[in-house]
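Here is a friendly walk through a two-chain model, written for someone who likes to see the cut-offs behind each word. Please keep the viewer open while you read.

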Amino acid sequence: MNTIIYTSVLGFICMVAEILNLRKVIIPVAVIGLAAILALTITDWGTTVAHYNDMVRTDNFSVAFGSLAIIITGLVIALSSDYYKNEQNHISDYMAIIIFTLVGGLVLLSYSNMAMLFLGIEILSLSLYVMAGSRKYDTSSNEAGLKYFLMGSFASGFLLFGIALIYGVTGSFHLEAINTYLASATTVSPLFYLGVLMLLVAILFKVSAAPFHFWSPDVYEGSPALITALMATLVKVVMFGAFYRLFSTAFGNLGDYTNWLIALVAALTMVVGNLTALQQVNVKRLLAFSGIAHAGYLLLGILSISTDATSALFYYSAAYALATIAAFAVAIPVFQASGSELVSAFNGLGKRKPFMAAMLTMALLSLAGIPPFAGFLAKYYIFSEAMSNGFFALLLIAIVSSIIGVYYYFKLILAMYTEPTDEAVVVKFPWVYIVVASFCVLLSLILGLYPNPVIQLF
Amino acid sequence: MENALVSVPHNWYLLLSSLLFCIGVMGVLFRRNVIVILMCIELMLNSVNLLLVSFSAYAQNADGQVFVFFVMVVAAAEVAVGLALIVSIYRNVASTDIDSMKKLKW
């Protein structure tokens, strides 16, 4: 709870700094503030406390996923110091909105009442609608913002209707009260199942699982690249945390009813994500479809709730988020220098900037699931969770689709090392980008070599 | 006042709000003007409010009515953001038709 309050205060500080004419210090203050909040969050480890009439509950789950969300946001804000160097007038707005996105995420990771689930999703989404459309004079940014807004509020409507039906049947918004009702009721009204279905549609929509994924490539392509990085990492991690929390607390007794549906969606997501990514020439769209495919693998973790897949889900989220941020840290300066977001913009990067090309290569290898990077063990852990729950057919689809996935990551790697270079384009990597990319790749390597501290957290 | 609400069979409220919700969904799917789509989304949210209030009255439980306030506040914030986006688009392309926005490949 303290984490949420302090993060909100940090957002307000960013807004006030504008009035006090302290624009230069906003980003350092935000990064240092987030580091302090991270330290405070970690001290909550091992305690379970309910706040405000049990609306919000901090436990090990919220501390672990919350720390990951804070680290992701901190890295994105660090990148923004250079990204927004020509837009100093709006820097406080951008920083405040990014931090409020984190607040929404933290609410989503620690809710224990449907009201907080709804508010968390809305805080997260409303901030991102604004950020997606933040390039006011760029029509594709406008279009991305509007598409995201219309699709997102449409999904919120379904979420609310689902919550209302569940409330009507169980008489409560409290997750544990719903669970108690399910365990004790002899017959449950079909309205309840309709409600769960609508809730599921809305959440699958937010995590961009097929067939509700169609918004995400467009929105990722049109948004400013830094915000795409935030959406691809923070939103996915946080929404999966919320998804897991909902199904492990409220719908624990519902396994058979929802599992086949989630399994179907997971299979479709993995196949559609990987196969569509094969044809992409735009790097942002490629990473969007890669994100869709990874959402499919993460759904395996949701399916394995009965054997407590928390640590596998956490490990996978961390591996995915670190690799994606590293990839964007290399890609953003390339986009800016070449003015193009196509795979061909990376031609010959291996010769011109060998270090950063190596960073991107390692990030992509981690995403593809190649040892010794964290992405490999992440897939291993989440697949073995699915195996112990008996989803063999699904597992087969997952393995085949992840082998297909290797191809499109290598398309980018091959462009960097085998294609002739375009001498006219000079890519300059600011030191922050080099530090962030190296940090993420190093962490991903350490996680891959010594997974035990993370995998034994829960 | 409460008696008046409860004197109508509960299923009717359920039917009415489902109907309103479906009208909203159809509007979002089939109308081409962004402002009309925004109004249809509002209709969806408000049909949920009606449903929550009726459930709350029948169950003699105030939680649902409190939730309605959350929904109203969020809906207002959503409209503010949505209209701001529409205004910034109108300045660039001088249209609020959803079909004028197809720069990004579907």
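## Chain B, the chain contact and local details

In chain B, 49% of the contacts with a separation of 6 or more come from residues 24 or more positions apart; two residues are in contact if their C-beta atoms, placed from the backbone, lie within 7 Å. A word on conventions: residues are numbered from 1 along each chain as its sequence is written, and chains are lettered from A and ligands numbered from 1 in the order in which they are written. The model is predicted, and local features need pLDDT of at least 70, side-chain atom pairs count only at pLDDT 80 or more, while totals for chains, interfaces and linings use all residues.

Chain B holds 4 helices and 0 strands, in the order α-α-α-α from the N terminus. Helices (H or I, at least four residues) and strands (E, at least two) are DSSP runs, numbered from the N terminus. The radius of gyration of chain B is 17 Å, well over the 13 Å that the globule rule gives for 106 residues, so chain B is more spread out than a compact globule. That radius is taken over C-alpha atoms, and the globule rule is 2.2 Å times the number of residues to the power 0.38. Along the principal axes, the C-alpha atoms of chain B fill a box of roughly 55 × 25 × 20 Å. Of the 106 residues in chain B, 28% are buried. Buried means that 20 or more other C-beta atoms lie within 10 Å of a residue's own, exposed means 12 or fewer, and partly exposed is in between, with C-beta atoms placed from the backbone.

How do the two chains meet? In chain A, 33 residues are in contact with 32 residues of chain B. Helix H5 (114-132), helix H6 (139-170) and helix H9 (215-222) of chain A each give at least two residues to the side that touches chain B, and H6(A) has the largest share with 17 residues. By type, that side of chain A divides into 17 nonpolar, 11 polar and 5 charged residues. Here Ala, Val, Leu, Ile, Met, Phe, Trp, Tyr, Cys and Pro count as nonpolar, Asp, Glu, Lys and Arg as charged, and the others, Gly among them, as polar.

Two packed helices are described by the angle between their axes and the distance between the axes. Axes are lines fitted to C-alpha atoms, for helices over the stretch in contact, and angles run from 0 to 180 degrees between N-to-C directions.

| Helix pair | Angle | Axis distance |
|---|---|---|
| H10(A) (residues 225-249) and H12(A) (residues 283-303) | about 15 degrees | 11 Å apart |
| H1(A) (residues 2-19) and H4(A) (residues 91-110) | roughly 170 degrees | within 8 Å |

The angle of about 15 degrees makes H10(A) roughly parallel to H12(A), and the angle of roughly 170 degrees makes H1(A) roughly antiparallel to H4(A). Angles under 35 degrees count as roughly parallel, over 145 as roughly antiparallel, 65 to 115 as roughly perpendicular and the rest as oblique. The contact of H1(A) with H4(A) involves residues including A:Leu10 and A:Cys14 on H1(A) and A:Ile99 and A:Phe100 on H4(A). Its residues divide into 13 nonpolar, 5 polar and 1 charged.

Helix H10 of chain A also contains A:Met231. Is A:Met231 buried or exposed? With 23 C-beta neighbours inside 10 Å, A:Met231 counts as buried. Setting aside neighbours within four places in sequence, A:Met231 is in contact with A:Leu128, A:Tyr220 and A:Ser223.

Finally, the backbone. Most residues other than glycine have a negative phi, and most peptide bonds are trans. A cis peptide bond joins A:Ala210 and A:Pro211, with omega about 0 degrees, and A:Pro211 sits in the loop between helix H8 (190-206) and H9 of chain A. Another cis peptide bond joins A:Pro371 and A:Pro372, with omega about 5 degrees. A:Asn21 is not a glycine, yet has a positive phi of about 60 degrees; A:Asn21 is exposed, with 7 other C-beta atoms within 10 Å. A:Asp54, in the loop between strand S1 (49-51) and strand S2 (56-58) of chain A, has a positive phi near 60 degrees and is partly exposed, with 13 other C-beta atoms within 10 Å.
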